[in-house]
Amino acid sequence: AAAAAEAAAAVANLDDAVRAAQAELETAHAVALARAENVARDEAYKAAKASAVAEAEAMLEAAKEEGRAEARAAAMAAVEEAYAAAQASAEADAVVMLEAAKE
């Protein structure tokens, strides 16, 4: 009877040890899963941030290019306007000189 009681106690201890090991395994699994989710979330955040930064940089570069194009167009218009004004002034001077030469 004593041997049977010892065997039953050993089985109970073994059951307790198995349950404890299972609980530790489940805890370790939950911790590993949470860490993996945190890493995945962190990676997704970093990727989204990098994408947003790249998009903002592309938009900034496009705005710079657009600004350069507008500035070039404005400069060309100013040059053409100045040329037209100089030509009109030269023509007016020529008319005055012709009138003076006639007299």
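**Salt bridges along the helix**

Five salt bridges turn up when the whole structure is searched. A salt bridge here is a side-chain nitrogen of Lys or Arg within 4 Å of a carboxyl oxygen of Asp or Glu. The model is predicted, so local features need pLDDT of at least 70 and side-chain atom pairs count only at pLDDT 80 or more, while totals for chains, interfaces and linings use all residues. Residues are numbered from 1 along each chain as its sequence is written, and side-chain values use heavy atoms, with hydrogens and water left out.

Start with R68. Its side chain meets that of E65 in a salt bridge, at 2.4 Å from N to O. R68 and E65 both sit in helix 1, three residues apart, which is about one turn of the helix. Helices are DSSP runs (H or I, at least four residues), as are strands (E, at least two), and both are numbered from the N terminus.

R68 also forms a salt bridge with E61. There the closest N and O atoms are 3.7 Å apart.

E65 has 37% relative accessibility and counts as partly exposed. The cut-offs are these: buried means under 20% relative accessible area, exposed over 50%, and partly exposed lies in between (1.4 Å probe, protein chains only).

Another salt bridge joins R19 and D16. Their closest N and O atoms are 3.0 Å apart. R19 and D16 are separated by about one helical turn, because they are three residues apart in helix 1, which covers residues 2-102. D16 is partly exposed, with a relative accessible area of 47%.

The side chain of N38 makes one with the side chain of R41, at 2.6 Å. The term means a pair of N or O atoms within 3.5 Å; within protein, one must be able to donate a hydrogen and the other to accept it, and residues adjacent in sequence count only if both atoms are side-chain atoms. N38 lies in helix 1. It is partly exposed, at 42% relative accessible area.

Now the chain that carries these pairs. It has one helix and zero strands. Its C-alpha atoms fill a box of roughly 150 × 5 × 5 Å along the principal axes. The radius of gyration is 44 Å, whereas a compact globule of 103 residues would have one near 13 Å. This radius is taken over C-alpha atoms, and the globule rule is 2.2 Å times the number of residues to the power 0.38.

A88, in helix 1, is 52 residues from A36 in sequence and 77 Å from A36 in space, C-alpha to C-alpha. A56 is also found in helix 1. A88 is partly exposed at 42%, and A56 is partly exposed at 41%.

What share of the 103 residues counts as buried? The figure is 0%. The chain exposes about 8600 Å², and carbon and sulfur atoms supply 65% of that area. Accessible areas come from the Shrake-Rupley method with a 1.4 Å probe; for residues, only the protein chains shown count as cover.

Last, the charges. The chain has 9 positive and 20 negative side chains. Lys and Arg count as positive and Asp and Glu as negative, with His and the chain ends not counted. The centres of the two sets lie 5 Å apart. Each charge is placed at NZ of Lys, CZ of Arg, CG of Asp or CD of Glu.
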